[in-house]
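Here is a short briefing on one protein chain. Keep the sequence and the 3D view open as you read.

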Amino acid sequence: MNKGATGTARGIAVAVPVALFAAFAGTALHRQALLIAGVEVSWGTAAALLLLASLQLLLGAWSRSLIPTAVVGIVCYAAVGVLSTGGTGKQLIVADVPGNVWVYGSAGITFVMLLWCRRYGRPPRA
């Protein structure tokens with residue numbers, strides 16, 4: 001097994017627990033808000049998406065491959081989907097603005113991080 005394949009295999013092995021952590025932590029974060037001068041400022045969704053993006057970036061840079069970054073995004077999106085499909089009163093992600101931004105934003109963040117992490121798989125320029 002060459003060095004690149006070893007990094008990819010290790011990256012995939014780490015990607016699943018990282019994705020589950022991002023899904024559960026992001027779901028816990030996405031509803032957080034702060035009351036400032038009578039106005040509710042929702043900061044949790046941005047923090048959840050930033051957490052997902054930073055974990056994908058870290059894993060992409062560490063493994064030098066796009067595959068673990070994609071695995072984190074896919075597994076996280078699937079886990080968030082499962083968390084949002086509970087029965088009435090049992091779902092953890094409600095279909096409101098913060099919930100929709102968290103669900104669909106995780107897919108968007110994954111796309112952006114895949115574009116960003118492309119550079120780690122290329123050999124350096126001479």
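A78 sits in helix α3. Keep in mind that this is a predicted model. A78 and A23 are 55 residues apart along the chain, yet their C-alpha atoms are separated by 8.8 Å.

**The chain as a whole**

- The chain holds 4 helices and 2 strands.
- Their order along the sequence is α-β-β-α-α-α.
- The chain has 126 residues, and 34% of them count as buried.
- Take the contacts in the chain with a separation of 6 or more: 72% of them join residues 24 or more positions apart.

**How α2 and α3 pack**

- Helix α2 covers residues 44-63, and helix α3 covers residues 67-83.
- Their axes come within 8 Å and cross at roughly 150 degrees.
- Angles over 145 degrees count as roughly antiparallel, so α2 and α3 are roughly antiparallel to each other.
- The crossing of α2 past α3 is right-handed.
- On the α2 side, the contact is made by L52, Q56, L59, G60 and S63.
- On the α3 side, P68, T69, V72, G73 and C76 make the contact.
- By type, the residues of this contact are 5 nonpolar, 5 polar and no charged.

**The nonpolar core**

- The largest nonpolar core has 17 residues.
- V72, C76, V80 and W102 have the most contacts inside this core.
- What does C76 touch, not counting residues up to four places away in sequence? C76 touches A19, A22, A23, L52 and W102.

**A buried serine**

- S106 belongs to helix α4.
- Is S106 buried or exposed? Its relative accessibility is 1%, so S106 counts as buried.
- Setting aside residues up to four places away in sequence, S106 touches L49, L52, Y77 and V101.

**The loop between α2 and α3**

- L66 lies in this loop.
- L66 counts as partly exposed, because its relative accessibility is 33%.
- Leaving aside neighbours within four places in sequence, L66 is in contact with L114, C117 and R118.
- L66 and G11 are 55 residues apart in sequence. In space, they are 9.4 Å apart, C-alpha to C-alpha.
- R64 is also found in the loop between α2 and α3.
- R64 has a positive phi of about 60 degrees, although it is not a glycine.
- R64 counts as exposed, at 54% relative accessibility.

**The loop between β1 and β2**

- Strand β1 covers 33-36, and strand β2 covers 39-42.
- A37 is found in the loop between them.
- A37 is not a glycine, but it has a positive phi of about 55 degrees.
- How exposed is A37, and what is its relative accessible area? A37 is exposed, with a value of 80%.

Technical notes:
Residues are numbered from 1 along each chain as its sequence is written. This is a predicted model: local features need pLDDT of at least 70, side-chain atom pairs count only at pLDDT 80 or more; totals for chains, interfaces and linings use all residues. Side-chain values use heavy atoms; hydrogens and water are left out. Axes are lines fitted to C-alpha atoms, for helices over the stretch in contact, and angles run from 0 to 180 degrees between N-to-C directions. Angles under 35 degrees count as roughly parallel, over 145 as roughly antiparallel, 65 to 115 as roughly perpendicular and the rest as oblique. A crossing is left-handed if the near helix is turned anticlockwise from the far one by less than a right angle, and right-handed if clockwise. Contact means heavy atoms within 4.5 Å. Ala, Val, Leu, Ile, Met, Phe, Trp, Tyr, Cys and Pro count as nonpolar, Asp, Glu, Lys and Arg as charged, and the others, Gly among them, as polar. A nonpolar core is a set of buried Ala, Val, Leu, Ile, Met, Phe, Trp, Tyr and Cys residues joined through side-chain atoms within 4.5 Å. Buried means under 20% relative accessible area, exposed over 50%, partly exposed in between (1.4 Å probe, protein chains only).
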